[in-house]
Amino acid sequence: MIRIVLITFLSLLSLFAKAQEGDSCQAGDCKNGYGYSFNVNSKDMYHGFYKDAVFEGIGYHQLPGGNWYFSNFKSGMPNGFTVYNEGEGTVCGVFENNQKIGPHIKILNSADKVERELLIYTKGQLTASKLFVGEANTENPCLAGNCDTGFGILKSDDTLMSGIFKDGLFVQGEVQLLAYNVSEYYKPPTLDQSLEPYFKYFKRLTPNGVEEAAHMTRGSRADGQFILINASTNALKAALFEDGEPVKIF
């Protein structure tokens, strides 16, 4: 699915006096720091952080064909837990130097059911897949799969958790806060790494359109790089956070 944000930003290119046809860096620092790049020839777009002119840190990368990736980039490639769309819906899972590894979860929804597809990758190759379908109105909190150890879809009060569980703990996937129209995607650290920061993506429905953000977080607080996109309002934002408070806004 081609993102609206590419089309709407074409009309903003004239605001950047230094930008010439074919130039990529449209705002900020695309060498070391935060920058926004859009190449009018290739239609390649990146909004995020750089090091030595290469994607490094939290970023959103959209390829010319419309595929997009929210990730913690390293050496220009998605690494670690990543939320992406390659034309078949939103998926989350771990990348290692641009290769998909382990379980990835595709988000599928119908009007009266909750559908998720579990995809297993080995060194970038899809080796197994399984569709899980849960009835939204069932009284059993585990709508599908294994909500103790394995893949499951668990509904608790106003929260819907879809992902990998281990010994009853959520270890990777999507958490929907139904009352707030918010979806969060993340892979929290293990208990013995509980103080380490980790990547989180969230999507929120607002009266002004869908807000999508990716950031480093420690516990429930943003702590590190942060980016946000709202395609409906042409908003691109970035910041550095420390213990839940912005210390620098770009």
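A disulfide is a pair of cysteine sulfur atoms within 2.5 Å. With that cut-off in hand, the reader may turn to the structure shown above, which is a predicted model. A search of the whole structure finds two disulfides. Counting the bonded cysteines along the protein chain, their pattern is 1-2, 3-4.

The description begins with the link between cysteine 25 and cysteine 30, whose sulfur atoms lie 2.1 Å from each other. The torsion about this S-S bond of cysteine 25 and cysteine 30 is about 80°, and the disulfide is therefore right-handed. How accessible are its two partners? Cysteine 25 has a relative accessibility of 35% and so counts as partly exposed, since this class lies between the limit of 20% for buried and that of 50% for exposed. Cysteine 30, by contrast, has a relative accessible area of 13% and is therefore buried.

The other disulfide joins cysteine 142 to cysteine 147, with an S to S distance of 2.1 Å. The link of cysteine 142 and cysteine 147 is right-handed, with 85° about the S-S bond. Of this pair, cysteine 147 is buried, because its relative accessible area is 13%, a value that falls under the 20% limit for buried residues.

Is cysteine 92 buried or exposed? Its relative accessibility is 0%, so cysteine 92 counts as buried.

Key:
Residues are numbered from 1 along each chain as its sequence is written. This is a predicted model: local features need pLDDT of at least 70, side-chain atom pairs count only at pLDDT 80 or more; totals for chains, interfaces and linings use all residues. Side-chain values use heavy atoms; hydrogens and water are left out. Buried means under 20% relative accessible area, exposed over 50%, partly exposed in between (1.4 Å probe, protein chains only).
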